[in-house]
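Let's take a walk through a protein together, looking at who sits beside whom. Keep the viewer open as you read.

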Amino acid sequence: MQPATLAQLGIIGLLAASLPLAMVWMSADANKYRKLVWVLVFLTFDLIVFGAFTRLTDSGLGCPDWPGCYGLANPFLAHEQISAAQAAMPDGPVSVVKAWIEMIHRYLAMGIGVLIMALTAQAWRQWRRHRSAAFAPALPTVLLLFVCVQGAFGAWTVTLKLQPVIVTIHLLLGMGLLALLTWMGGRENYLLRPQPVETQRQAGGDYAALRRVRLLALTSALLLALQIALGGWVSTNYATLACSDFPLCNGQLVPPMDFEHGFTLWRELGKTAAGHYLPFSALTAIHWVHRNFALVVAAGLGWTAWTAWGQPALRRTARLLVIVLAAQAATGIATVYFSFPLAIAVMHNAGAALLVMLVTMLNYQTTYQLEIALRSPRRVVPIGAHTASEPDSRPISPP
């Protein structure tokens, strides 16, 4: 790719980041750093949803090279090449509309990359000045490295022609980035509005109960990550309609399935590892596993929300978790029942991203409340453990 094209793409990335940066700068929020973190959460959520739209409209190869489009900075300049490819294969992956969908997705990703660079630079600058916990640079630096890895998988998604395992990892990394930003946003919220130690202790909750919630929240995060990986595997293998009815699968409780070929990871799209066409029974296996594991995830997240509901500081997050979990189940069923309408399928992906945010926030809040309860004289401690005669008066900092 020509240096001029790379320069044009860099300018587009800066322009994509300029509007959010201007909004942060002109906002009434006195803490611009915190504001930038939450703007990044919002934009990363949007990127994941638009990435789902890109995948579901089969636009992932709308521009079959990377980072530009036929070696150029935008589809306007590559119109001749796109039109020729579309004329050669009218039903193929390249069209003007698909090229724009793919490039808009890349432009948004570039803008987020620029914003994370700005966040990291500001964190290091303020940390050197004030050594304030609000600007601890470790997490922003991890975010910067994370988004670089995510960009590499974005490139491989195109250059390896939508190989399912690469696209699925790309999705998981996007969800991981959203989780990291959500954790950081929660941390900045607590740093912005610190409470007196006594007030924190009164809201801290029971230590033993909070430990149970934290264990359940961590388990829920693992279950959710596995289910998102299975969902990505369904989507990237185009197995959404491999089961055409619900609750049965093609009229059977356990239909014929080929797990060996369905869950062979390193293979081309639509092919077995040996290069033969992927049998339909392999697609059925992929869909059936995702559908049935959803029951495990629903039970796990539901039990976590029910347990967290008993803690006043966690009740709002638990309530939202139940609502989104119910909506996610409804959109999953509707996707099959209505034969894969695009809008509902995109909503199903958006629901997964919302679940990631809520489970992450529940893990953060539980960790923070445990720190409060740990220093509270009201907590129950094991027999024989040392208890201080006076409460710990040190300030409680967010993790």
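Predicted model: local features only at pLDDT ≥ 70, side-chain atom pairs only at ≥ 80, totals over all residues.

In general, side chains of opposite charge can pair up when their charged atoms come close. Here the count of salt bridges comes to 3. Start with D29 and R34, whose closest N and O atoms are 2.6 Å apart; D29 and R34 are both buried. Next, look along helix 4 (residues 96-130), where R106 and E102 sit 4 residues apart, about one turn of the helix. Their salt bridge has its closest N and O atoms 2.9 Å apart. R106 counts as buried because its relative accessibility is 6%, under the 20% cut-off, and E102 counts as buried because it comes in at 5%. Then there's the bridge between E188 and R187, at 3.9 Å from N to O, and those two are buried as well.

Now hop to the loop between helix 9 (259-262) and helix 10 (280-308), where you'll find R267. What does a buried arginine do with no salt bridge? The nearest side chain of opposite charge, D258, is 9.4 Å away. R267 does have a 2.8 Å polar contact with the side chain of N237, and its side chain reaches the backbone oxygen of T264 at 3.0 Å. Among the residues R267 touches are W233, H261 and L278.

Finally, the cores. The largest nonpolar core has 62 residues, and L40, L119, M175, L178 and L321 touch the most other members. Apart from it lies another core of 12 residues, including I166, L173, A239 and L278.

Key. Residues numbered from 1 in each chain as written. Heavy atoms only, no water. Helix = DSSP H or I, 4+ residues; strand = E, 2+ residues; numbered from the N terminus. Buried < 20%, exposed > 50% of the residue type's maximum accessible area, 1.4 Å probe, protein only. Lys, Arg positive; Asp, Glu negative; His and termini not counted. Salt bridge = Lys/Arg side-chain N within 4 Å of Asp/Glu carboxyl O. Polar contact = N/O pair within 3.5 Å; in protein donor to acceptor, adjacent residues only side chain to side chain. Contact = heavy atoms within 4.5 Å. Core = buried A, V, L, I, M, F, W, Y, C linked by side-chain atoms within 4.5 Å. Lists of a residue's contacts leave out its neighbours within four places in sequence.
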